[in-house]
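Take a look at the model first, then read on.

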Amino acid sequence: MPQRKAAGASGATRRRRWWHLRQRWRMLGVFEINPQHEFYHLTVVMKDGIRAAVQTGEDQPDTLTAEHFKAEEIQIHEGFEMQTFAGPVFASLRRSLDISEEEYQNSLCSDGYYLQFVSNSKSKADFFVTNDKRFFLKTQSKREVKFLLSNLQAYVDHLEKYPHSLMVRFLGVHRIVIPNQIKKFFIVMQSVFYPDERINIRYDIKGCEVGRWTNPATEGSQIIKVLKDNNFEGQHIALDQQKSWFVDQVKIDAAFLRGLNVLDYSLLLANQPLHQDELDGKHSFANLIVRTTMSMDLDDSPTEPDPPSVPLLEENPSQVVPDTTDCGSDPPEVTGDRIPLQEITSHAKETTAESELQEFHTHHRRLLPNFKNAVHVIDGPDRRYFVGIIDIFTVYGLRKRLENLWKRLRFPGRAFSTVSPPDYSHRFCQWVDKHTQ
């Protein structure tokens with residue numbers, strides 16, 4: 001009996017240690033915005049404002065119109081006011097990611113404190129993270145918000161055409177006004193690195209060399225060091241069969257940003273090893289069914305009773321697996337001009353499969369992993385990669401053109417970030433192609 005008690009106590013001690021270790025790991029690089037924090041009051045009014053805005057916008061239209069993109073709503077609260085921009089549009093974007101209004105509100109408006117993200121970023125913006133780390137909130141300048149809203153239609157069209165785009169997903173744009181204190185615009189984004197429990201290294205890639213090295217964090221540091229291009233040299237993004245999709249999608253997204261006259265965007269990148277159970281389950285038939293359903297948005301067609309066709313269950317959609325279920329059986333009997341129902345059904349299934357496969361290619365879809373935050377997750381043979389294109393607000397205007405001229409004189413023959421959007425896009429895609437295998 002004493003031995004059993006000792007073993008039980010030992011097990012409990014190990015569990016407590018593991019729990020404390022997980023808590024320390026979960027809080028690495030973030031600090032709770034508690035009542036003593038300078039931003040506590042701001043985050044409290046953000047929560048109250050978002051809660052009311054989400055409740056007000058629960059009845060959303062089925063089809064977006066030009067008026068929805070121009071929509072502005074002001075809600076007056078005790079001590080502050082909250083302005084919401086293009087609410088129906090961002091609600092539609094949340095639905096496209098299968099984020100219900102209830103879970104969106106539960107994450108952003110929970111009793112848990114927001115977390116302040118602490119990194120080596122040079123941005124002057126304030127970053128907040130929901131307590132579950134699912135969503136980012138970032139303060140933005142009026143110019144940046146105006147740029148996003150003026151190009152929101154193009155952004156939505158791009159995501160509708162390429163639903164598996166690597167572009168960061170914006171989920172809300174707001175403005176908080178506390179009289180005589182604060183006037184701040186902020187945006188809500190889906191975190192590229194969610195969930196991040198097993199991520200211990202992150203990169204911000206721009207495809208250039210000047211100023212693209214960061215000294216790694218020292219042991220015990222509470223700051224998340226986001227490393228850069230030069231830190232990544234000698235490494236590769238190992239995707240195997242997924243390489244061509246990934247490289248092509250980066251080209252598609254970069255071409256979109258080039259059309260907006262944008263530069264200085266980044267590819268956020270992190271990875272973690274796949275556990276054995278994840279490797280074993282990745283190719284199970286049940287898992288493939290789930291992944292195909294996720295990848296094809298089959299919930300948009302509730303009238304279709306049949307499961308997805310076999311070709312879409314393949315990792316490489318171009319490889320069609322023939323249906324051999326009737327191999328060896330006699331051909332269907334035909335009587336007069338009547339065609340047996342079995343043959344009609346078979347032909348209909350073939351037509352449906354071809355249609356689904358064509359739609360799959362047209363929108364450059366891939367077989368998403370059965371994982372949270374699937375649009376930003378790509379599985380290689382033995383590692384899981386988190387990828388997303390962020391920071392899309394820098395326009396190549398007069399100021400950037402002058403900066404380009406100065407840097408050409410300062411760094412002759414070297415690759416720096418401030419170049420024309422066509423040059424930036426080309427170099428960005430080249431980096432991805434070179435470092436992916």
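Which residues touch the most other members of the largest nonpolar core? They're Y155, F170, F246 and Y265, in a core of 70 residues. A nonpolar core here is a set of buried Ala, Val, Leu, Ile, Met, Phe, Trp, Tyr and Cys residues joined through side-chain atoms within 4.5 Å; buried means under 20% relative accessible area, with a 1.4 Å probe and protein chains only.

This is a predicted model, where local features need pLDDT of at least 70, side-chain atom pairs count only at pLDDT 80 or more, and totals for chains, interfaces and linings use all residues. Residues are numbered from 1 along each chain as its sequence is written, and side-chain values use heavy atoms, leaving out hydrogens and water.

- Helix α9 (residues 243-259) gives the most to the 70-residue core, with seven residues (helices are DSSP runs of H or I, at least four residues, numbered from the N terminus).
- Beyond its neighbours within four places in sequence, Y155 is in contact (heavy atoms within 4.5 Å) with L93, M167, V168, R169, F170 and F256.
- Buried residues make up 47% of the chain's 437 residues.

**The rings**
- There are 15 aromatic pairs, meaning Phe, Tyr or Trp rings (for Trp, the six-membered one) with centres within 6.5 Å; planes under 30 degrees apart are stacked, over 60 edge-to-face, the rest tilted.
- F39 and F128 pair edge-to-face, 5.5 Å centre to centre with 70° between the planes.
- F147, Y155, F170 and F393 are linked into a cluster by ring pairs.

Notes
Buried means under 20% relative accessible area, exposed over 50%, partly exposed in between (1.4 Å probe, protein chains only). Helices (H or I, at least four residues) and strands (E, at least two) are DSSP runs, numbered from the N terminus.
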